[in-house]
Amino acid sequence: MHAMVLKKLGSALEWTEIADRQPAQGQIRVKVTACGVCRTDLHVVDGELPDPKLPIIPGHEIVGRIDAIGADVESLRIGERVGIPWLGHTCGICRYCLGNRENLCDDPLFTGFTRDGGFATATIADARFAFPLSETGDDTSLAPLLCAGLIGWRSLVIAGDGRKLGLYGFGAAAHILAQVARWQGRSVFAFTRPGDVSAQNFARSLGATWAGASDEMPPEPLDAAIIFAAVGELVPMALKAVRKGGRVVCAGIHMSDIPSFPYGLLWEERQLVSVANLTRQDGMDFLRLAPEIGIVTRTTSYPLREANQALADLRAGRFEGAAVLVP
């Protein structure tokens, strides 16, 4: 097999030939057909997340076909199409796992961070954490659903049922979530980098009621806001934009420091919460609904060997929607 491997934090990924791996008990081997490129991959490469496994193969929005199965795997079959997300393993015995909050597990493994991921021609996964996928949709279009879609879905659930929803940072996750929110009958208010007219037009094309810069106030108070951009300065802005009793959800795994702000922005029962990872139930709920919603992902494809270029383009915001690596 071949993979793009991160051998040193802050360095470029290296094209590497690796001996074929065999699945152990409870594992599957998946021939990767598409792997999305997520902002979390940038955080991994840049060393912004603690205690990574090195060397590591990044990538956690994986779509592929099972080509080998380890012992004691009975629910999956050779040739079946599956999706492999960020959460790759949990202990099953800590208070969080036992309390149906496995996303907060005390001893987890994360795909593309503490276990090898999908920037490769093949990968090994815990069979319990692989989502069976139907034959609807092509692999490239499905890949962004495995993280951008899933974390967006969990964030939306935590944001509550408010009808006026703000999305800060209109990238892979927001362009999927905007479609979900519109399907639910909500009004979407999209916030982009100042001056990014292209992204604002993209948001409007997906049904956004309003689109503007992240340093602007929306034309009316929001019921809730979700921050996808890893910019701590947006937290006070979002709190200012939501109504009394409104909720601000920080959806990223990493964010720059949040500046101090007056208590008045939080007062009147506004809430500031974060989202961490996802549960398998989140995945099953969202992937079951996705075909009904009719989500259309905007993707830019790159050959696997061009993973560094895809990461650079993501960092610079050179494409709309999501980047996907194709072996």
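Author: First, a term to keep handy: contact here means heavy atoms within 4.5 Å. Also bear in mind that this is a predicted model.

Now to the sheet. It's an open one, made of 6 strands in the order S12-S11-S10-S13-S14-S15, with parallel pairing. Strand S12 (210-213) and S15 stand at the edges with a single partner strand each, so one side of each has no neighbour in the sheet. Going from one strand to the next, the twist averages 20°.

Strand S14 (residues 242-250) runs parallel to S15, and 4 bridges join the two. In one of the pairings, Val249 has Val273 in S15 as its bridge partner.

Next come the helices. Helix H6 (residues 197-205) lies across strand S11 (187-192) and S12, and runs at about 165° to S12. Helix H7 (residues 234-241) lies across strand S10 (164-168), strand S13 (222-227), S14 and S15, with an angle of about 150° to S14.

Finally, look at what follows S15. The loop between strand S15 (271-274) and helix H8 (280-293) holds Asn277. Most residues other than glycine have a negative phi. Asn277, though not a glycine, has a positive phi of about 60°. Asn277 is also buried, because its relative accessible area is 14% and the cut-off for buried is under 20%.

Conventions. Residues are numbered from 1 along each chain as its sequence is written. This is a predicted model: local features need pLDDT of at least 70, side-chain atom pairs count only at pLDDT 80 or more; totals for chains, interfaces and linings use all residues. Side-chain values use heavy atoms; hydrogens and water are left out. Buried means under 20% relative accessible area, exposed over 50%, partly exposed in between (1.4 Å probe, protein chains only). Two strands pair if DSSP finds at least two bridges between them. Axes are lines fitted to C-alpha atoms, for helices over the stretch in contact, and angles run from 0 to 180 degrees between N-to-C directions.
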